[in-house]
Amino acid sequence: MSKLSIDRVSKVFAKKQGEVVVALDDISLEIEDSEFVCFVGPSGCGKTTLLRIIAGLETATSGEVSLMGAPIRGPDPKRGMVFQEYSLFPWRTVKNNITFGLEMRGMPKADQDSAAETYLAMVGLEQFREAYPYELSGGMRQRVAIARALANEPEVLLMDEPFGALDAQTRNAMQRELLEIWEKTQKTILFVTHSVDEAVFLADRIVILSPRPGRICDTIRVDLPRPRERTGPEFANVRRYVLGLMDSCRLPSKI
Amino acid sequence: MRHRTRVQGKGRDNRLMDATRTHLLRNRLLPVVSIAAVAIVWQLVAQFIVQNKNLLPSVTDVLGAFLVLLESGRLASDFSTSLTHFGIGVGAALLLGIPLGMAMGWFRDMDTAANPIIEILRPVPPLAWIPFAIIWFGLTPVAAGFIVFVGAFFPVLVNTYAGFKGVPRLFVEAARVLGCTSPGRLIRHVALPAAMPSIATGIRIGMGVGWMCLVAAEFFVGGRYGLGKQLWVSYSLQQMSNVVVYMLLLGILGLAMDVVFRWYVDGKLLKWRTGEVA
């Protein structure tokens, strides 16, 4: 049995005057344990909606997502999420942001503290444990957000363009760090991005979505060994191939 | 060469320090100068142009009256009585305004049900409640407190409501994904802290309006003591110097409460907002 199973999921948004928008159309996908899957596609292809359905923040109009056989009915700490926007609670210090989920679970204070230290160390922010989010740079905030999600020890980590607002250099550094964390924790990661470069650098498998209605146009396995060399010829080949697929996905004939 | 650089550096340091010093001096000195200037002009106008204590008591008249009142020892009772009225009113406004504002801001049905009532009652001036305050509570501190309450309640309510309406959806979703799912916990752990800046603003405005209502409330319903009451009594005895003393005391006390409140809120409660543009 696969870890996460997306079974014929569709999502229709009702607009005013009876108009409807089909955001996702008949999406099916099986995701293995510890797999790193990237979803790419142009804006409006429903990739964020799909992630939100898996998180339990939206409900599918039809179809079902199940985690280890159990259908998803609503948000649950088993599925951690890192948002595109800075979602840290500004009134909590870095450490208290990380322990938020543990507090909700009613974990004893001492255990919370030691968990916080573990994940602070993992993202390299030990000196900032008592800092407030406004004191952090964008990259640091997203690192805390990752630590906060991981502290809950989720089965799956959902990431919705988490590095989209960062500058190119920070973004590359964050991608490397994320891979290190992934190798260390062996989490299953579902990562939404519109950057092909990012997807090729990170993913075991890239799922290409076509826009309006959002459908899976193609999936490709990336077998390049890690760490991947962004400027290498193999990298460029995969990148070109994915870009070509994305272009053909846009054509009506393919849809 | 090295020596010269150091001398130059020192010179720049000194100039910098001088600049900060004059800046500080200016910031401290200017308010004192402006207050002194107003006092002098006031004194001159009262003493040489108006020449009538009842129309415009001079600074020295007011100071003299203040010293007499201070010696009589009744100011303490006036203070504590006024603060009692104020405390009853503001306390009740917080106790009712914050929970109601939270409920209306969070639950749509509460909002729809309560909003029309609030919108009709809100424009009614607090002083229009004086007749009912007297009928319901008699000539008691509670009646005066009730008027303060009416003044303070709506700013507290409306700002709490706005704060809860404005809780970013992102924070709520982030919390839900982390396992904070029931409405009670979301309110306690997300909405309340997120809305705190707005609630604090509401309390501050409410305290200001409540303080203004205090004088009028004491005119009509106060007992023997109270700053507002004494202002009124002094007027009826044509002791206009005393009227000015009570006016100034009301101003200074109101300012002091606002300063303390802001110090507490900005320094403790909302420390996390430092550096954010409000």
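**Interface and local geometry of a predicted two-chain model**

Chain A and chain B bury about 2,100 Å² between them, and 71% of this lies on carbon and sulfur atoms. Buried area is the accessible area (1.4 Å probe) that two parts lose on being put together, summed over both. In chain A, the residues that lose the most area to chain B are A:Trp91, A:Met104 and A:Tyr134; together they make up 33% of what that side buries.

The model is predicted: local features need pLDDT of at least 70, side-chain atom pairs count only at pLDDT 80 or more, and totals for chains, interfaces and linings use all residues. Residues are numbered from 1 along each chain as its sequence is written, chains are lettered from A and ligands numbered from 1 in the order in which they are written, and side-chain values use heavy atoms, with hydrogens and water left out.

At the interface, 26 residues of chain A are in contact with 22 residues of chain B. Contact means heavy atoms within 4.5 Å. One salt bridge is counted between the two chains. A salt bridge is a side-chain nitrogen of Lys or Arg within 4 Å of a carboxyl oxygen of Asp or Glu. Here the side chains of A:Arg52 and B:Glu173 meet, at 2.6 Å from N to O.

Three elements of chain A each supply at least two residues of the side that touches chain B: strand S6 (79-82), helix H3 (100-105) and helix H5 (138-151). Helices (H or I, at least four residues) and strands (E, at least two) are DSSP runs, numbered from the N terminus. H3(A) gives the most to this side, with four residues. By class, the side of chain A that touches chain B has 15 nonpolar, four polar and seven charged residues. Ala, Val, Leu, Ile, Met, Phe, Trp, Tyr, Cys and Pro count as nonpolar, Asp, Glu, Lys and Arg as charged, and the others, Gly among them, as polar.

Chain B is divided into domain 1 (1-51) and domain 2 (59-270). These bounds come from an automatic or database domain assignment. The domain centres, taken over C-alpha atoms, are separated by 37 Å.

B:Ser58 lies in the loop between helix H1 (2-50) and helix H2 (59-72) of chain B. B:Ser58 is buried, with a relative accessible area of 5%. Buried means under 20% relative accessible area, exposed over 50%, and partly exposed in between (1.4 Å probe, protein chains only). The side chains of B:Ser58 and B:Thr60 form a polar contact of 3.0 Å. B:Val62, in helix H2 of chain B, is also buried, at 7% relative accessibility. Beyond four places in sequence, B:Val62 touches residues including B:Trp42, B:Pro57 and B:Leu248.

Some backbone angles stand out. Most residues other than glycine have a negative phi, and most peptide bonds are trans. The peptide bond from A:Arg226 to A:Pro227 is cis, with omega near -5°. A:Ser34 has a positive phi near 65° and is buried at 19% relative accessible area. B:Gln51 also has a positive phi, about 50°, but is exposed, at 57% relative accessibility.

How values were computed
Polar contact = N/O pair within 3.5 Å; in protein donor to acceptor, adjacent residues only side chain to side chain.
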